[in-house]
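Here are my notes on the model you passed along. Have it open while you read, and click through the residues as they come up.

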Amino acid sequence: MTSPHGLRTEHLDDPIGLCRRAPRLSWQLPAGTRRQSAYRLAGDNGWDTGWVDSPDSLLVPYDGPALRSAQRVTWRVRVRTDRGESEWSDPAWFETGLLTPADWSASWIEPGSRPTGSAGARPAALFRCEFDVPAPVVAARLYLTAHGLYEAFVNGTRAGDAELAPGFTQYDRHLQVQTVDVTDAVVSGRNAVAVLLADGWYRGQIGITRAGDQWGSKPALLAQLRLTHPDGTTTTVGTGPGWRSNSDAHIRAADLIAGESVDLRRRPGGWDCPVFDDSGWDAVIVADHGFDRLVDSPAPPVRRVEELTPLSVTRVAGGGQLVDLGQNINGWVRLTRLGPAGTALTLTHGEWLGPDGDLTTDHLRPDLPFMPYPLPAGQIDRVISAGAPGETFEPRRTTHGFRYVRIDGHPDRLSVDDVRGVVVHTDLRRTGWFACSDDRINRLHQAALWSLRGNACDIPTDCPHRERAGWTGDWQLYVPTAAFLYDVAGFSAKWLRDVAVDQWPDGTVANISPTAPAEGRNSPIAGLNGSAGWGDAVVIVPWELYRAYGDTRILRDLWPAMVRWLDRAQGMAASGRHPARATVRPVPGPHEKYLWDTGFHWGEWLEPGAEADDLVAFTALDQGHVATAYLAHSATLMSRIADVLGLVDEAVRYGDLADRVRAAWQAEFIGDDGRLTPDTQATYVRALAFDLVPAQMRGAVATRLVELLRAGGNQVGTGFLATPLLLPVLAEAGHVDVAYDVLMQDGEPGWLAMIDRGATTVWERWDGVDAAGVPRDSLNHYSKGAVISYLHRFTAGIQPIDGEPAYRRFRVRPRPGGGLTWAEGALDCPYGRIESSWRLAGDELQLRVLVPAGTQAQVVLPGGRLLVAGPGRHEFTARLADDLVTVGR
Ligand code: BGC
């Protein structure tokens, strides 16, 4: 028997800098194992659990000797299973960070003279310090964080590979510390630590309003180097009075939105190495920004994840050279040919070309009703070369959403060899794959995948250019799809931590997390917060994480926020009425106590043909049908979450609330003729997805949805909220053929129209590029890409089963259709790899399934035959008879 493998700590591989006192450990069982009956965990710190009778192999809390700061624990596991007792696994490790404020001897420092200018146009500051290391060093760790974005160097070597550190959080409450192993960079004798500090999210421009200085006006740095000597003693060097700063060096401006400007002629040569004369630099200001907000990150860091070689570099009018990466990405370019000293280059980034074949960015300019003119799109880098051999430009303090970059000012003809597209995002672990016989569907899948990659930049963003904001609704509707592609557990948990602290005292969940004051509770647009379908992220995202990863702690952590959100919604339902309803029905019906029809709601949002031109009229709309539906849905989920958490009374209470709200929805929105109000695709989709109609009506509701789709030539009529649910509800209701017809139709609105018009990421709007080729709004929004979860869950047929978190039991039920002759899906679930692949041979379906150790699959074949498959590979053949039998949801 082989041993357990795939050891992880929390949701990370061998994490460094953890601040949890009881980190949770996971492992995968030896191949072929059906079930674990006991485990034994041991660490090199004397920890040994002995044999523990338990089937648990996911997220088992460490319970050994109390962890100290800066302690590495190497651990192993062995298991008893139906196949006997395993050997010890290969070791894995985790290392703690600085666990308490008392561990910090370093002081916060600010540059001696503050980099000035307006937000978006401020230089980065350089900091440095030299020190002697008299004794040999066996381990060195650098602990760092900043108000701004830092990049650190030890003796000229970059510390770590994280980008955009310390990451984006609600800085008033959470500030992430990175722990970097710099053992190889430290030497005996003279050493230097050097840090570049730019404005970043903390102080630079942010969001759709391009507001600056949102968390403070002063950049600041905190760094502590801990050196361990052979005899176990340690030396600590930290930021403090001895440091020097320079706010007028080569990074002339650095801003996440505007871009970066660098004058390489001004780079102080050798500034990041020892023996540099910094006597002309400023003495730093020692500041007190405290240590209480310091946290680790449960997510992997942002990194340079991939490099793309451009497809072409062509000349455009005005002498510019247009680089086409062939793929819309989040990141920047690296330019390795900068021209002779003094050459000034401008790099403008965008997603689409105008009719003249040149770059256009107009569609990315925020055009807000309360502002006199559209704000700049930003995304412009500038560099002046110093003419040094091997000189490169890579703007690591900004990011751009782009496929094209126009380079102006270059005296030479550039080639594809001179430029690389550097893809930058949270370095999530890929866990899911899909491919099928239809190339356009594969390209749609790729586009949806790239939209997630383009919008996972320490937080889930709506788009990587115009707003870059952590819109709650967007992640709510995409997280189930994301969990089919990447491990988003730690990434989401990190974001939810801020969603919870951004919640208002009255329970309002902010539109965006982290919330910048310019869009927060005291801003002119405060009233746009608290929308149904957006705020419900506080319930839905934890629930989806629990389903995909079996993480109950996230449910427990978010429970208080969920309760406040539902209390607010319930209170609003009970206390207010929409004026339109009050006019039509002066005396409220008894059900209206549970009808949530007040407050602002985005509603279905961007529903084709129903877009609001007038913001005031839009904010006054009655969105009761959407808000009440979400209240019923969230109450249902909370009842189930309460069950998981063992909160017996709450489970009953929220179950009862869900029933009442559902009854209110039925009383208000089901007409005598069985039609729903409003009679739109989205309403029928939601009614089916959220179980809003009585069981005996489901068939008729699905039939009406099909009628609406057929009447519209199978074109999608849903907006933001219902689009991810559209194909699944059709398939669940027995209309797999319709689901495929809608997926495969190539008119606008529809997914394939995007692909046919050249999308390499998914557009915010169905007409993101219209038939005439004109771009509108963002071309990189993942929301509509949520359709691809249909490909994983229905086409390939890999489905979680309710009540079986982390795929301990799952279903494989492929639904061929749409002319596909084969399809393959795979998912690295927490227990291991699931695969489902099928091909058609005549009227037969040949299915291969891989079931990971410790799990069990219910395989449902066409015709409804149900088979149970244990760990290992299986092959099935079935006649493509009518697929009529529906197995319980
Ligand atoms: C964002 C969205 C967001 C929406 C709210 C937009 O500007 O880009 O993705 O959810 O506003 O409706």
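This is a predicted model: local features need pLDDT of at least 70, side-chain atom pairs count only at pLDDT 80 or more; totals for chains, interfaces and linings use all residues.

1. Glu 467 has a side-chain N or O atom 2.5 Å from an oxygen atom of the ligand. For Asp 474, a polar side-chain atom likewise sits 2.5 Å from a ligand oxygen. With His 781, the distance from a side-chain N or O atom to an oxygen of the ligand is 2.9 Å.

2. Next, helix H5 (residues 537–549) and helix H6 (residues 553–575). Their axes come within 9 Å and cross at roughly 155 degrees. That angle is over 145, so H5 runs roughly antiparallel to H6. The handedness of this crossing is left-handed.

3. What makes the contact between H5 and H6? On the H5 side you have Val 538, Val 539, Pro 542, Trp 543, Leu 545 and Tyr 546. H6 answers with Ile 554, Leu 555, Leu 558, Ala 561, Met 562, Trp 565 and Leu 566. Sorted by class, that gives 13 nonpolar residues, with no polar and no charged ones.

4. H5 also packs on helix H9 (residues 624–645), at an angle of about 45 degrees and with the axes 10 Å apart. That makes the pair oblique, and the crossing is left-handed. From H5 the contact uses Val 539, Ile 540, Trp 543 and Tyr 546. From H9 come Tyr 630, His 633, Ser 634, Leu 637, Met 638, Arg 640, Ile 641 and Val 644. The class count here is nine nonpolar, two polar and one charged. Note that Val 539, Trp 543 and Tyr 546 are listed for the H6 contact and for the H9 contact.

5. H12 passes H14 in a left-handed crossing. Val 706, Leu 709 and Arg 710 of H12 meet Asp 737, Val 738, Asp 741 and Val 742 of H14. By class, that contact has four nonpolar, no polar and three charged residues.

6. Now for the backbone. The peptide bond from Ser 513 to Pro 514 is cis, with omega near -5 degrees. Where is Pro 514 found? Look in the loop between helix H4 (489–502) and H5.

7. Thr 677 and Pro 678 are also joined by a cis peptide bond, with omega at about -10 degrees. Pro 678 belongs to the loop between helix H10 (648–669) and helix H11 (681–689).

8. Last one: Leu 164. Its phi is near 55 degrees, a positive value in a residue other than glycine. You'll find Leu 164 in the loop between strand S14 (157–158) and strand S15 (175–176).

Conventions: Residues are numbered from 1 along each chain as its sequence is written. Side-chain values use heavy atoms; hydrogens and water are left out. Axes are lines fitted to C-alpha atoms, for helices over the stretch in contact, and angles run from 0 to 180 degrees between N-to-C directions. Helices (H or I, at least four residues) and strands (E, at least two) are DSSP runs, numbered from the N terminus. Angles under 35 degrees count as roughly parallel, over 145 as roughly antiparallel, 65 to 115 as roughly perpendicular and the rest as oblique. A crossing is left-handed if the near helix is turned anticlockwise from the far one by less than a right angle, and right-handed if clockwise. Contact means heavy atoms within 4.5 Å. Ala, Val, Leu, Ile, Met, Phe, Trp, Tyr, Cys and Pro count as nonpolar, Asp, Glu, Lys and Arg as charged, and the others, Gly among them, as polar. A polar contact is a pair of N or O atoms within 3.5 Å; within protein, one must be able to donate a hydrogen and the other to accept it, and residues adjacent in sequence count only if both atoms are side-chain atoms.
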